[in-house]
Amino acid sequence: MATSFKQIEEKLKTEAAKLLESGSVSLVLAYGKGYDEKHPMPYVAKCASDVANIVFNEFCTYNMARYLVRYPRGTKIAVAVKAADSRAVIQLIQEEKVKREDLVILGIPVSGMKNPKTGETIDSKTTCGLYNPVLYDVLLGEEVHGQPVVSPYDVLAGYEAMDKDARWAFWQKEFDRCIRCYACRKACPMCYCDPCFIDQTKPKWGDKSPEPAGNLMYHLTRFHHLAGRCIDCGECSRACPVDIPLYLFHKKVAKECEEMFGQAAGMSIEDKPALVNFRVDDSDKILE
Amino acid sequence: MLKKTAINKISGLAATLLEAGTLLAPVKEAAGFNFREISDPNQVDLNFHNTILSPKSAFFPHMEDFVHYQTGKSVLEATPVELNLKPTFLFGVRPCDVKSFEIMDIHFSGTGAVDPYWQKRREAATIFGYAFDPDVPARVEEFYQTLGIGAADPEGSDIFMIKKDGDLLLKGITPKGEKLLAGLNGLDKASADEEKYFEDVIVGGRNVKTRFTCVDDKSIAKKFEDLFHVSDFWQKASAACLSCGVCTFVCPTCYCFDICDETLFSKGTRRRVWDACMFTDFTLEASGHNPRTQVFQRLRQKINHKYSYHVRKYGVISCVGCGRCTQHCPVNIDIFSIVDEAIKA
Amino acid sequence: MSFEPKILGIACNWCTYTGADLAGTTRLQYPQNLRVVRVMCSSRINPSFIFRAFQLGADGVLVGGCHPGDCHYNTGNLYARRRLAVTKKILEFSGLEPGRFRVEWISASEGNKFAEVVTEFTEQIKNLGPQTKFKIEQ
Amino acid sequence: MSRIGVFVCHCGLNIAKTVRVSELAEFAATLPDVVVAKDYKFMCSTPGQEMIANDIKEHRLDRVIVTACSPLMHEQTFRKVLAASGLNQYLLSIVNIREQVSWVTHDIEEGTAKSKALLNGAVNRARLLAPLTSRVIDVNPDVMVVGAGIAGIQAALELANTGKKVYLVEKNSTIGGHMAQFDKTFPTLDCSACILTPKMDNVLQHKNITLMTSCEVTEVKGFVGNFDITVKQKARYVDHDKCNACLACTEKCPGKGVSEWDEGLVKRKAIYIPFPQAVPQKPVIDRDACTYFIKGKCRLCEKVCEQKAIDFEQQDTSTTVKVGAVIVATGYDLMDTKPLLQYGYGRYPGVYNALEVERLFNSAGPTGGKVTLRDGREPQAIAIFHCIGSRDKNNYEHCSRVCCMYSLKFAHLFKEKTSADVYQFYIDMRAAGKGYEEFYNRIIEEDVKFIRGKGARVAESADEPGRLIVEAEDTITGKFIKLPVDMVVLSPAMKPRADSKDIARLFNLSTDKYGFFMERHPKLAPLSTMSEGIFIAGVCQSPKDIPDTVAQAYGAAAEALTIVVKDKLELEATTAMVNPASCCACLNCVRVCPYGAPFFNEQKGVSEINEALCKGCGLCASVCPSSAIIARHFTNDQVLAEMEGLMEF
């Protein structure tokens, strides 16, 4: 029997209070009240009295790992993570953006989260689909038994089967809508570059204006920068105000990387990010 | 004179307008509704609450080309872009958005420095305002009423439209609107009952409830002035902020832009593109110095600009309560909740 | 007039560029559609170079590096292999014709291989026709 | 705005035959920023060079493009022209229209069109070229040699003989390495000690060699020409400055340790010298075997030492040595054959490994040079197994190269010293070396039995206790063989030292999958490594015999000399640098660099690049997601601009 949202919220509050009172962390990254029930917000609790504001419900989709890099190196942080979020934490540890010993990972085993914008249930179609955190110090509930039967890559089948011209037309239509608000990269826990390559003027990689060419350059390069690093939390797509299904492309790249390099992003802190690594016996077939 | 047409025959009206010029109207897209230039009258769809992007792009497009040039050639050989506009009909604009044009006018033409692109587009346009559906309550994100804007205020529109069951009632508000309306074929004359309904909706629109109670502009401005250095307040308010540009780009009153040169194969275009004060590089100076490196500084700037500086400088809040920023914020930051906090602080 | 594609080559200084020189020194003939950018190592190739090349109107892009294990910089091409493989997958999923991007390991002694690859690749691009998807129309 | 000069070379008819050179020059003149464009018969000739030099002055050129042959031919020539004209040499761009245009087409239309595109790309790139300066650094003239086996000894002696100061670091208490353990050397069968010990003595006596035994390198800082290397001197508990090598202590010592030199076949004292000819010939105390260290009392050695050289309080100490170059010659270990259960090594007393057998033959060895089994019997039948763990995909894929020959040597010595039947079980007989085939033929004639088949199994004989049964397939007859013997000799794979990965990390060397150090180029730079100023010699690079090892030692010494013979060293100018304003501290550069040039500056929170280590490959620039790394001379801007130029026409 899965732990209820309310129970998780209570446990989250208890743990947060304990950690903040003991001084073992200086902040807890969790969820707080928004302007209504259906719209909770990322929340940073900094003292025991903040804990009362913590909430957890099915709309708490945000990947709190996104906020880890905002604080100076060495800050002791407790972070509430769901399955994919924990993978982001692992990936950030791999990339040495945060240190394992500076973190208290509060794992949330959960299924049936809902997109606050659309109310749709979030599953392996738009995320990695895991229920239980991969890495945690405290698990705020019982593990959800039975992983999803559907692979997170099943959703790709239709797009992979498309004729290349149809696929091009599909993506053109999607990217054309892009307004370059950069919510995707800003919501992404792995996009911590400042400045982003696309903001550079020297070199100027692509046009700043929201035109097909610049949009294509921005998105394709971003997919490459996230190759082997994207942990498939789906935040980019949920953040997008014009509903570009970025998760599809990220999933495709993640799938290819997994097949080529035998390693999924954010599954083990021992791994090295796949694209800054190699094996002497990597096959040339991957280039075909 | 009040006229009417059946909403399911709206494509007829659209076709008429399309013949007379350029028509910009709500169109249903993957993510929701947006104002787009209409090529097929059937695209027009009034079955919307409000659009994702505000209609500001009708006058202040996301990209505006200024000059075409060739690299390596003299400046004198560059060709400025001239706007040759047909009459433009901006169709189905909600009252709060109509109000935004008035605020934007301050910046693009009201302070003496006239932006010719804005001006020309504005002059070419006839605005068809469209009351929020009186049968549908305001969305939780909306707070136009808080700022003194009614759900059916016709001011600022050339022609104002109200939905009544299956019909659309249209009334000329300005002489320009009246003249256009009189010349439009295919519209029926409305009944006296409908005339009364029209007026009732306008009055009723002023009583629509939104989340917050109305507060005086000046005292909000003062409050923010006092809060400027209370960084705790801003740190808290911005703790969740991702610093993306969604709120800015959907906002009807954000007018910041960047001017960039896009060149390829020695052909170049100097172009105006929307910018957002929430972007890290918005204030990046050529020296490399950036006065606003922190998220809280940027959010503080945004809110102060709208609710404090703007009031002090131009006497009006630069916000119309359309609620788009709240609705589309990836992390549900609610701008007026922050204002509310400030008032209580 | 028949279609004469524009092909961008990016070659590492130590192997493929030198191999291309050898093809010249031995007077091997191959089509003139390829224009080569010299970089020091195939690992220098930023994936965005490839995207940009197609946007600039390249009908095909050919990357040449040392054979794995023979990199002048020891391991550069081993990184390049992974990075370019991902680049290729991205191009393909975006809808670009798979045959337009190729990576070949050509050593400094393989002038004939260079000429063969260029000949064959040019032929392949001719068959694919002009690349219109990425190309920015002016 | 740049002022670009374009110089188009005809190269006689080499270019002019298939490229319309004057048309190319005219085309160049139409391109933005090109202020002068000329064509000339031979641009590399003296008049050609003078023309460029004059135009640089006359037209105040700040960029020069030479449209001619491959940059690999004449880039240096034209760089010198620029430098002599007061222009930074990196403001030159070469367009290769000979090797890559005129020589590969017969069609003048095609040739001219392609040349225009290439030239346009070069003009685009030239505008963005930046002047670069090489950094010049002082060079420390001293050299460190790590490992004092035959390779290290030879390299140290060579360098010392040229007058260079050498620090020879050895982790054991004596130098000599494996060669000191051998009895005879193949194929000449001369006595190993006879040829090695004079060299060991030379090392000790040489005024230019600082011998550092019982020492280990713990930290390497700096870069070519200027290494700061920290060396840990392990406590010996004997003050070697006071000790006069009377060795009275070793006689009295009651402690018992395992003799490494005798491969553990016998015991030695706790205070000991490894073998009689050890260098330095001064004892050390084995802490793990010393009665005092174990039980807290004894100190007999201290009592007998007239020099008062025993010092139980001695601690490990560290010193830092500054050198300009390093030779790593750390040698090898034999594979541990215990895990290969089928051969019974460690279980059956009759199974020996090759080094143990070397000691059995040696007159200074545990048996005084007599071949007897552990139970004192003389073996009647001996099987020698080749390729144990070598040429074996489950263990080490490589051939260990020396086993065939030393196995033949063993056979000869067995024949000489016993009346046993000797069987060789081999996969292939590899005798590639001067005199090796002849040696093989000689052994064949000595009534040694050769069975072409890998030794598969060793088992105890059920019938005759103490005897062993060896099993193999004779691949010539296809028969399965079972043979009773008394002794089995395993020739195990040579593998890198157990700590080779640590050494690699210290000196930033790369290793192959087993841990052998990687040379910079397998053919053309076999002794250099990817770390400038660090060289390798001997088996630490790959298995090899003594002649090859010694040859490498000479070579490595010469390589090291090429660095330390100079006072100053010019570093690459086309290095990478980090723009700290754009660095997002992802550390990708730190992770990928084969040379360890980028490092993370914790204080500033950004990566930085040690330009002395950078080779300019540009890998870091391409893995830098925020384009913070500038690969000088191949910057993102420059490459993008060139590409745009190439695709324009």
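Colleague: Which residue in S26(D) is the bridge partner of Glu471(D)?

Modeller: In this predicted model, where local features need pLDDT of at least 70, side-chain atom pairs count only at pLDDT 80 or more, and totals for chains, interfaces and linings use all residues, the bridge partner of Glu471(D) in S26(D) is Lys482(D). Residues are numbered from 1 along each chain as its sequence is written, while chains are lettered from A and ligands numbered from 1 in the order in which they are written.

Colleague: What makes strand S25 and strand S26 of chain D a pair?

Modeller: Two strands pair if DSSP finds at least two bridges between them, and seven bridges join S25 (residues 468-474) to S26 (residues 479-485), so the antiparallel strands of chain D qualify. Strands here are DSSP runs of E with at least two residues, and helices are runs of H or I with at least four, numbered from the N terminus. The two strands form a hairpin with four residues between them, and Gly478(D) in the turn has a positive phi of about 75°.

Colleague: Why does the radius of gyration of chain C agree with that of a compact globule?

Modeller: The radius is taken over C-alpha atoms, and the globule rule is 2.2 Å times the number of residues to the power 0.38; for 138 residues this gives a value near 14 Å, and chain C has 14 Å, which therefore agrees. Its C-alpha trace spans about 40 × 35 × 20 Å along the principal axes.

Colleague: In what order do the elements of chain C run?

Modeller: From the N terminus on, they run β-α-β-α-β-α-β-α, with four helices and four strands.
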